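The following exercises concern a pair of protein chains. Each task is followed by a solution in steps.

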Protein chains: 2
Amino acid sequence: MTTTISQHVRVSYEFPVIFTRDALGSANPALASAFGRAGPGPHRAIFVADDGLVRAFPDILAHISAYCAANAEVLTLAGAPFTVPGGEGAKADMRVIDMVLDAIFQQGICRQSFVVALGGGAVLDAVGFAASMAHRGVRLIRMPSTVLAQNDAGVGVKNGINWFGRKNFLGSFAPPFAVINDFALLEGLAPEDRRAGLSEAVKIALIRDGVFFEWLWDNRKPLGALEQAPLEYSVERCAALHLGHISQGGDPFEFGSARPLDFGHWCAHAMEERSGGVLGHGAAVAVGVALDSIYSRLIGLIGASDTDRILTLLEDLGFALWHTSLDGLDVRAAVEAFREHLGGELALSLINGLGSRIEVDNVDNARMAQAMEELQRRAGSRICTR
Amino acid sequence: MTTTISQHVRVSYEFPVIFTRDALGSANPALASAFGRAGPGPHRAIFVADDGLVRAFPDILAHISAYCAANAEVLTLAGAPFTVPGGEGAKADMRVIDMVLDAIFQQGICRQSFVVALGGGAVLDAVGFAASMAHRGVRLIRMPSTVLAQNDAGVGVKNGINWFGRKNFLGSFAPPFAVINDFALLEGLAPEDRRAGLSEAVKIALIRDGVFFEWLWDNRKPLGALEQAPLEYSVERCAALHLGHISQGGDPFEFGSARPLDFGHWCAHAMEERSGGVLGHGAAVAVGVALDSIYSRLIGLIGASDTDRILTLLEDLGFALWHTSLDGLDVRAAVEAFREHLGGELALSLINGLGSRIEVDNVDNARMAQAMEELQRRAGSRICTR
């Protein structure tokens, strides 16, 4: 006497990722056009800004208010723009979540109203998670302010905070309503923060686009000097590759166990956790990519000259290839924590060419130890400190 | 110098809703088959049970363990089944969320492992919300134990908890991996809890299915006496109508502002909040459906005899049509709170026939006050107390 109804639910999301400059200049239509996609306004919005961004651009909250006033037929401030603590600390506890939920409640932001988040990846992750929970999801516009957020996290469909000491233990899949990548915001960054995002560009070039790898190689000196023009191109190309993977990869909400974009990330996650949040994601990914490139060579997937080019590229971009959080790392436990986070059987991305990814289901701990020794030797006294 | 990438993300969910009896009997394959959809096992799972269910069926935790042992090739217990507080209190704070997250963390439940939730709608909502956040979503199997959960909340795609005193202020859209509707669980319910879910059957019949309304009308006496056979049919038909709406309504995650299934719910939400969680959802929906049926008549949408049949049906099913939380209700504020929750412009469902829904964008407060007076008069001394 058992009967079954088979239920099918299909959901479709569409959002623009806009690359522009001076998005809050009153004549720039990008942000207003993003709101305009929701139909006739004015649409109510709250703006939440990373305090690091506000330190770099002290007038930015005033610019937000002026922009809203100049575009009053499209959007209206539901409350004064406010700041939240930036950096990985934004994800370390419930503080940012609580601040955003309070504002959503106090200002009566509904599912058709907007939260606009300006900041680095950690702030976007925490604010985005809060926005995704309130009323089961209010509309989120992201304005990423770091290279890493503009070329990777800020254009994706995920958010999260750390919990139980585990990176992104809590979070959700929640595509934004729009993303505005304002290149002018990058000019407020400290050099190490402009550099940090370049490791994700190297990562995605290595697993998806050999032509982009060659471009990074040819431009490694100006990129290492953090020149703006090649930096902007690298952001746009890297973001496009990430977006393409999410839309065409067949599993945007990661129901399966493959995580093809996570090259070098098992180690990066472990380093970030072991550093207690001191080590930034970009710096950690540089080390992780270097390590897994050497490991790829040791198990016969790539040759010595390719490996050397990868390490040289990372070095010329200004990355240190070792961090003290790697000393004494339990590889087996770190790989298992990563497996548990992604779920199911282990599926680790490696490379079998410059621009070509391959998936393995186990790690040879002896070879990985050898890779770590080799990496530490290569890094020498050049050890990253954050 | 502005360029735009238009990103498209499509996500598809498929899950079975299985109607059965004695699902935890070791010979019943329904639950094991639900796990089996995930591929070869054994799959790791934690089981979370509503304490009200465990009071009604003291052996149920032992039955869970026995079932897992008898189906060890398919599923394995990652930890001992445990109970959480049931009833609306399950959603009143973070306690249940914290218990479930702790278990997910301690037992190493990953995105490919399972949380199985047994209980009423409130427990399913809270456990489901926790499961949807951990690792950005672990697999959830729901085993609803009340009429209301089996015919409505438990088969849907939403979860949530109350926050800031607002019903479902926090939550997410997260389709389950499977739903097992075990009719035997309904036999453990107190009479008022078996009755409660019938108001949702009346609601969905009124807005979608005149034939089902006539069936409810013809069977109002045995249903009012809570006879098992018609109760089971009503659950299956009501669940099927809800499922059909979600899959075919075109907006399963409610990005637009229409909430076509919410007939009678603006008032029900207000009553539940004003009662401080004492009033159950089913009893509140019965009053809300009665009120909006009278209002539909007062603005000329349905006739007097249809309205009288609706009220008589609700009365014969055993519902009281008034609750003290309605005394002095500020209709304008309650409608506005409901609008804010669903977002955008007001879109209120009314009926213009038995089985036919119509949407309005405003409420005539004088007419609504008149409808409330009339409803209170009809209810007389028969006032619902929970």
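**Exercise 1. Determine how much area chain B and chain A bury between them, and what part of it lies on carbon and sulfur atoms.**

Solution. The model is a predicted one. The size of an interface is often given as the accessible area lost when the parts come together. For chain B and chain A this area is about 6100 Å². Carbon and sulfur atoms carry 56% of it. The contact draws on 64 residues of chain B and 64 residues of chain A.

**Exercise 2. State which elements of chain B give two or more residues to the side that touches chain A, and which gives the largest share.**

Solution. Step one is to list the contributors: the strands β1 (3-20) and β8 (166-170) of chain B, together with the helices α4 (95-106), α5 (121-133), α12 (228-248) and α16 (331-342) of chain B. Step two is to find the largest share, which comes from β1(B) with 18 residues. Step three is to sort the side of chain B that touches chain A by class: 30 residues are nonpolar, 22 are polar and twelve are charged.

**Exercise 3. Count the salt bridges and the residue pairs in polar contact across the interface of chain B and chain A.**

Solution. The salt-bridge rule asks for a side-chain nitrogen of Lys or Arg within 4 Å of a carboxyl oxygen of Asp or Glu. Applied across the interface of chain B and chain A, the rule finds zero salt bridges. For polar contacts, with both residues at pLDDT 80 or more, the count across this interface is 29 residue pairs.

**Exercise 4. Describe how β1 of chain A and β1(B) pair.**

Solution. Strand β1 of chain A, residues 3-20, pairs with β1(B) in the antiparallel sense, and the pairing extends over 17 bridges. One position in this pairing is Tyr13(A), which stands opposite Val9(B).

**Exercise 5. Find the rotation that superposes chain B on chain A, and the residue of chain B that comes closest to its axis.**

Solution. First, the superposition requires a rotation of 180° with 0.0 Å of shift along the axis, and the RMSD is 0.0 Å. The two copies are therefore related as by a two-fold rotation axis. Next, among the residues of chain B, Val11(B) comes closest to the axis, its C-alpha being at 2.7 Å. Finally, the same surface serves both copies, since 100% of the contact residues of chain B recur in chain A.

Definitions and conventions: Residues numbered from 1 in each chain as written. Chains lettered and ligands numbered in written order. Predicted model: local features only at pLDDT ≥ 70, side-chain atom pairs only at ≥ 80, totals over all residues. Heavy atoms only, no water. Contact = heavy atoms within 4.5 Å. Buried area = accessible area lost by both parts, 1.4 Å probe. Polar contact = N/O pair within 3.5 Å; in protein donor to acceptor, adjacent residues only side chain to side chain. Helix = DSSP H or I, 4+ residues; strand = E, 2+ residues; numbered from the N terminus. Nonpolar A, V, L, I, M, F, W, Y, C, P; charged D, E, K, R; others polar. Pairing = 2+ DSSP bridges. Least-squares fit on C-alpha atoms with pLDDT ≥ 70 in both.
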